[in-house]
Amino acid sequence: MKWHLSAVTALISATPSLAAGTGPYDAAHSTDITLPRHTIYMPRNPPANESLPVLIWGNGACSANGTLFGNLLTNIASHGFIAIASGRPNGRGRTTVDYMKDALDWIERRAGAGGTRGKYATVDASRVAVAGQSCGGLEAYQMRDDPRVQYLGIFNSGFLDVPGFLGGLLGIPGEGPETIEEVDLPVFYFLGGEEDIAYPNGMADYAALSGVPKWVGNFPVGHMGTYAKPEGGEFGVAAVNWLKWVLKKDTSQAEWFTGGGAEAAGWEEVASEGLDGLLTF
Ligand SMILES: *[C@@H]1O[C@H](CO)[C@@H](O)[C@H](O)[C@H]1NC(C)=O
Ligand SMILES: *[C@@H]1O[C@H](CO)[C@@H](O)[C@H](O)[C@H]1NC(C)=O
């Protein structure tokens, strides 16, 4: 057999993306013609021995670039999750919370065994977390009343005291700090320390959130976190630990959040409340 040059080139250029993510499953992103405005991250070969819980993700700046947080989301998927980001790969423009609703409606229809839905046969759409960074975190908050959503992850974000009309102009969900009173889901806050422009907002939300399990930690690198690092860096590690705990019921992760693991990894101003009830909430 004679190798054609283009085949060799394709082989070489495909190599760096192999075995992506720190988890047991090589993960990648794709698109689906039936969900045209999103990017879907999952194991290339979904394992038969475990189901894939769902993360719905909103990008920083409410960007419609579904690969903006590709390092983080590929890593998460490699641990046996399906993560659906708002926006197509390299998409342009802005998103709204409607993207998250669409993603959740879609995966609910596609999850489960049977028929030609093979690719998503092992997705478990009964286990759902919604998260986002910065403006994407505000979108995540907007999903708080959807009964399908069990956990919220707020990355470098917090409710903003922006007048409605200005929020509209800036494309920011116009919900003020008092909105925290309407949140009755467990929330984990992953902030970037005092240099993070969202630090006061996120810390205030954490303090004001009541009656639900909650955690906050600051990795002191500012608003942009470590998402551009391979596998999403320290925020990637934290996000995976969080999702394994809440969506895969891996209680050994509690140690990282409440037993000094986060501090040992460089996280500061770590606090939590009510996490004993996290899985039964
Ligand atoms: C499923 O199998 C993979 C590899 O074969 C393993 O790494 C993983 O821990 C298994 N998952 C469960 C839930 O047993
Ligand atoms: C989307 O995000 C990726 C990762 O940051 C970046 O490489 C790419 O240029 C972005 N695409 C657009 C259209 O901005």
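Reply: Let's start with a definition: a polar contact is a pair of N or O atoms within 3.5 Å; within protein, one must be able to donate a hydrogen and the other to accept it, and residues adjacent in sequence count only if both atoms are side-chain atoms. This is a predicted model, where local features need pLDDT of at least 70 and side-chain atom pairs count only at pLDDT 80 or more, while totals for chains, interfaces and linings use all residues. Residues are numbered from 1 along each chain as written, chains are lettered from A and ligands numbered from 1 in the order written, and side-chain values use heavy atoms, without hydrogens and water.

Me: What makes Asn 90 a polar contact of ligand 2?

Reply: A polar side-chain atom of Asn 90 lies 2.9 Å from a nitrogen atom of ligand 2, and the limit is 3.5 Å, so the pair counts. Asn 65 has a polar side-chain atom 2.4 Å from an oxygen atom of the ligand.

Me: Which residues are around ligand 2?

Reply: Asn 65, Thr 67, Leu 68, Asn 90 and Arg 92; the test is a heavy atom within 4 Å. The protein covers 49% of the 360 Å² of accessible area that ligand 2 has on its own (Shrake-Rupley method, 1.4 Å probe).

Me: And what is around ligand 1?

Reply: Pro 24, Tyr 25, Asn 49 and Glu 50. Asn 49 puts a polar side-chain atom 2.4 Å from an oxygen atom of ligand 1, and Glu 50 puts one 2.9 Å from a nitrogen atom. Here the protein covers 36% of the ligand's own 360 Å² of accessible area.

Me: How do you know that β3 and β5 pair?

Reply: Strands (DSSP runs of E, at least two residues) pair if DSSP finds at least two bridges between them. Strand β3 (residues 52–58) and strand β5 (residues 123–133) have 6 bridges, in the parallel sense, so they pass. Val 54 has Val 128 in β5 as its bridge partner.

Me: Why are β1 and β9 at the edges?

Reply: The open sheet runs β1-β2-β4-β3-β5-β6-β7-β8-β9, with mixed pairing. β1 (27–32) and β9 (268–273) each have a single partner strand, so one side of each is left without a neighbour in the sheet.

Technical notes. Helices (H or I, at least four residues) and strands (E, at least two) are DSSP runs, numbered from the N terminus.
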